[in-house]
Amino acid sequence: MIGRIEFDIAHALSASVLLLSFALLYQRRVSGVIEAFALQAVAVAAAAAWQAFTQDAPHLYITALIALLFKAMVIPIALSRIVRKLGMHKTIETVLGVNLALLAGVGLVALSILLVFPATSVAAVLTRENLALALSIVLLGLLMMITRRNAVTQVIGFMSLENGLVLAAVGVKGMPLVVEMSIAFSVLIAFLVFGMFIFRIRERFDTLDLQYLEAFRGDHQSERS
Amino acid sequence: MTQIVAILIIPLVAALVLAALPWHRFAAWLNALASFSTFLAASSLLYARPEATILLFIDDFNVYLVVLTTFVAFTTSWFSASYIEHEVEIKRLTPASLRFYHAMYQVLTFAMLLALVANNIGLMWVGVEAATLTTVVMVGLYRTRESLEAAWKYFILGSVGIALALFGTMLVYLAAQSVMGEGVEALAWTGLQARAASFDPALLNLAFVFLLVGYGTKVGLAPLHAWLPDAHAEGPTPISAVLSGLLLNVALYALLRYKMILAGNEGAITPGPLMLAMGTSSLLLAGLMLYRRRDIKRMFAYSSIEHMGIIAFTFGIGGPLANFAGLLHMALHSLTKSAIFFAVGHISQVKGSQKLADMGGLTTSHPALGWGFVLGVLSIAGLPPMGLFMSEFLVVTSAMARQPWLAVPLVAGLALAFGALVLRLQQVAFGAPRGQSAPISASLVPLYLHLGMVFVAGLWLPRPLVVWFQNVASLLGG
Amino acid sequence: MTGAIVAIVLQLAQLGLVLVLAPAATGLVRLVKARLLGRRGPPLVQPYRDLAKLLRKEAVMADNASWVYRVTPYIVFALLWLAAALVPTFTTRLPFSPAADLIALVALLGSARFLQALAGMDVGTSFGGIGSSREMMIATLAEPAVLMVIFTISLFIHSTSIPSIAEFVLGSEVGIRVSFLLALISLTMVAIAETGRIPIDNPATHLELTMVHEAMVLEYSGRHLALIEAAGMLRLLFYLSLIAGIFVPWGLAESGAGPAIAIGVAAYVAKTVGGSILLGVFEVSIAKMRVFRVAEFLGGALLLGLLGAIFLYVSTGT
């Protein structure tokens with residue numbers, strides 16, 4: 001059984017990741033979002049490293065290192081360059097106001113606690129609470145992808161969602177393939193960022209809105225013509 | 001073991017070779033050849049089934065999907081060779097992008113086969129992710145604004161689905177871990193299925209919700225289908241055929257595997273109602289949407305959503321008969337829909353457009369192609385004596401037997417889709433020829449091969465196939 | 001008997017201590033900011049000199065000023081002095097300790113704010129009105145957040161009295177609690193808004209578009225202004241010692257013994273210095289936000305408090 005202080009530190013680290021998810025929702029400027037994301041990646045790296053230490057699982061250090069180097073440094077720098085080079089708007093278009101989004105976020109946290117707790121009564125306490133936190137982060141990432149319509153913020157929303165997954169994976173004791181998984185995800189993210197840069201995906205696509213695309217595609221226009 | 005390794009290695013090696021080959025015409029046929037060898041290797045699985053290992057395995061369920069996947073991958077590569085030839089002529093594709101295309105085609109085959117033969121829920125997830133990534137780049141192959149947009153949308157939604165599926169995968173591991181101990185064993189299908197009864201049901205329930213939403217996005221079940229029509233419409237047509245015919249099946253396979261685990265556990269919820277709800281909504285939504293389509297590929301993409309809805313509905317009803325019908329429908333839909341996309345690919349090349357308004361009278365101007373298309377559409381609409389009629393008939397009867405009131409939306413959805421398809425078919429295939437009419441040098445063998453198989457399946461099913469289906473159907477539970 | 005005398009002496013000492021320390025804390029924040037911006041900055045005693053100078057000057061009042069305007073500085077100063085003296089600074093054993101209840105303190109500050117807003121509008125100049133309305137807007141947003149934090153803490157500790165909260169934190173092995181962390185951040189955000197610091201308000205500005213607190217007290221002069229300024233300084237010290245008392249109570253004397261008291265005072269001074277430096281650094285590193293963002297800022301504080309309450313059920317640790 002792990003000790004008191006181990007528990008507290010693991011818990012505080014996960015909670016700071018969650019807190020930074022809220023910070024992502026709170027930001028109105030693209031640069032602020034990128035900074036908050038870099039901080040979140042650092043927090044995830046710290047959490048992973050701490051789990052590696054307490055579980056005595058050295059392979060988790062690799063996960064921590066990937067988070068630190070790739071997500072806290074390379075990606076934020078690349079994204080800032082993209083924002084500059086493609087001349088994107090510095091402010092974020094919000095579908096939902098900041099306060100409403102935050103409120104929805106708190107609701108999602110409550111929801112994930114309600115979902116996870118009854119289901120995991122057999123699991124260890126830390127695993128269980130970690131899972132609840134991780135699920136909240138995942139849902140907040142989804143919320144961010146839905147409510148912030150901008151290619152950069154959508155990518156960041158996805159990455160923060162993935163941070164939640166990493167947190168869940170390192171928290172489950174003895175989970176195999178964690179490292180492989182974080183590498184797979186890094187590849188995916190690299191694809192995303194790379195794709196944005198190459199294809200100059202700039203402003204909103206209303207990516208999650210089917211109607212827009214169809215109208216655009218001439219599917220509806222040809223009805224009139 | 002070597003057989004399984006072979007079906008994974010051949011596509012990988014082929015991908016490397018194709019990435020290096022500059023001659024696109026030769027590459028197209030080499031692509032087909034590689035796919036054919038993979039198909040041969042897969043067919044050998046029918047006669048000698050290897051032992052399961054900790055990472056890879058073959059059982060009654062995935063063997064037929066592996067053979068089907070390699071077969072359709074082969075016929076599609078055949079179709080692709082003549083399709084791509086034309087695309088190069090009209091300069092829609094450059095030889096450089098073709099090199100990429102052929103290599104990616106093999107990587108996609110590899111990823112799908114990996115997902116199918118993986119005896120590890122993590123490895124399977126990696127396979128599905130890799131398949132998503134490769135199809136994303138293929139959808140964006142034409143580099144037009146629309147295709148990039150479709151690829152981006154597919155990417156974002158697919159990634160979200162994949163991420164949620166991973167969360168579900170972790171929850172399943174968590175449930176297994178307390179029973180089976182830590183380590184890779186707790187991720188193996190064979191182990192999970194054997195010990196499913198002792199898992200914590202609450203955890204399994206939660207996991208299944210995430211898996212359903214996650215892999216359900218990839219299956220294209222409403223309301224998570226938004227990526228599907230765009231990805232189908234904007235990519236090269238061979239990719240549309242593979243997407244509809246194979247990738248959707250792979251995602252569905254993943255979902256059904258988890259359903260088996262839930263079926264093996266007393267305390268867990270029956271996933272039936274969830275799948276019924278999603279299936280019915282996909283079916284009805286797609287049925288309605290079919291009427292408003294103006295783009296031929298987009299229309300058949302909606303038809304895929306409709307059929308995935310039917311399949312989810314069928315497995316949702318549960319019971320040996322419905323499960324049997326569902327497995328059969330998966331196979332036949334895969335054959336028919338890829339055949340239709342073969343025809344659609346050539347039709348849009350003939351007409352130089354994907355708009356339905358530019359098409360007409362195909363049976364007069366291009367009889368072989370036109371009648372192939374007619375047969376395909378009639379088959380997908382579920383007319384006898386084609387195979388899909390039989391599977392749909394089984395679905396309806398089992399729905400009647402188990403929950404009669406559920407047969408109402410099912411039949412309504414089928415009728416809706418039938419109406420839309422026949423309406424469009426009339427416009428495209430009959431009457432006076434309309435639009436451009438370029439001559440084609442298309443190989444129609446894959447198209448008629450698929451249709452022939454679907455026709456035969458409507459009349460007679462080989463005995464071993466029936467036995468497998470029955471075995472799997474009993475595992476899938478109520 | 002001697003116990004009672006000691007207690008009274010200690011209470012008086014606390015009253016004196018906060019009064020003496022308040023200008024120094026404000027001075028330190030200004031000094032840190034100036035140094036970080038590359039200026040030499042005023043010496044630490046400058047706020048004392050300012051206050052002394054203002055006290056000597058004549059108080060000029062508008063002709064139409066009513067009695068509300070005249071009594072406000074005295075009452076506001078008294079309320080804040082009382083509030084600052086109630087929070088345990090160096091010991092938890094004071095005769096007034098039972099009154100050091102979070103809800104009572106919020107009420108004290110609320111009344112002071114109300115009076116000040118009233119006085120701001122009393123003379124009828126436009127700046128006073130603008131200042132008052134903005135101040136009240138911030139107050140209406142900040143108050144729920146404070147109450148949320150109090151709610152979270154009292155759910156956890158089953159008390160709203162600061163000395164018992166401090167003793168609880170000191171006594172038990174609370175460890176690092178997520179709810180506590182959230183409550184701390186939330187309370188800090190509220191404190192920044194309430195004391196009129198950057199990014200909500202700029203205490204050094206007299207630019208009419210941005211000032212809030214300064215606009216409200218623009219008409220005051222002489223000893224009235226001195227009292228108002230002193231009250232502002234006390235408010236800053238109040239929040240510093242409130243946050244220190246709840247979240248970092250280590251060093252607080254739990255008995256009336258001499259050495260413990262000495263340690264308590266030293267720890268308190270150290271915490272105040274540390275808090276002031278942090279505040280100075282924070283203010284330099286951030287830009288003032290537009291007024292409509294204030295609602296989002298304080299809404300965020302409220303939601304963090306709410307999150308803290310939710311997390312009480314998570315971080316049970318058992």
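Predicted model: local features only at pLDDT ≥ 70, side-chain atom pairs only at ≥ 80, totals over all residues.
1. Chain A first. Its secondary structure comprises nine helices and zero strands, and the order along the sequence reads α-α-α-α-α-α-α-α-α.

2. Staying with chain A, 52% of its 225 residues count as buried. Take the contacts there between residues at least 6 apart in sequence: 73% of them join residues at least 24 apart.

3. On how the chains meet, two pairs of chains touch, and the pair with the most contacts is A and B. Chains B and C do not touch, with 18 Å between their nearest C-alpha atoms.

4. In chain B, please have a look at helix 11 (residues 272–289) and helix 12 (residues 296–317). The two pack with their axes 7 Å apart, at an angle of about 155 degrees. Because angles over 145 degrees count as roughly antiparallel, that makes helix 11 of chain B roughly antiparallel to helix 12 of chain B. The crossing of these two chain B helices is left-handed.

5. Which residues of helix 11 of chain B meet helix 12 of chain B? From helix 11 they include B:G272, B:M275, B:L276, B:G279, B:L283, B:A286 and B:G287. On the side of helix 12, the partners include B:Y302, B:I305, B:E306, B:G309, B:A312, B:F313 and B:G316. By class, the residues of this contact between helix 11 and helix 12 of chain B divide into 14 nonpolar, eight polar and one charged.

How values were computed
Residues numbered from 1 in each chain as written. Chains lettered and ligands numbered in written order. Helix = DSSP H or I, 4+ residues; strand = E, 2+ residues; numbered from the N terminus. Buried ≥ 20, exposed ≤ 12 C-beta atoms within 10 Å, placed from the backbone. Contact = placed C-beta atoms within 7 Å. Axes fitted to C-alpha atoms, helices over the stretch in contact; angles between N-to-C directions. Parallel < 35°, antiparallel > 145°, perpendicular 65-115°, else oblique. Left-handed = near helix turned anticlockwise from the far one by under 90°. Nonpolar A, V, L, I, M, F, W, Y, C, P; charged D, E, K, R; others polar.
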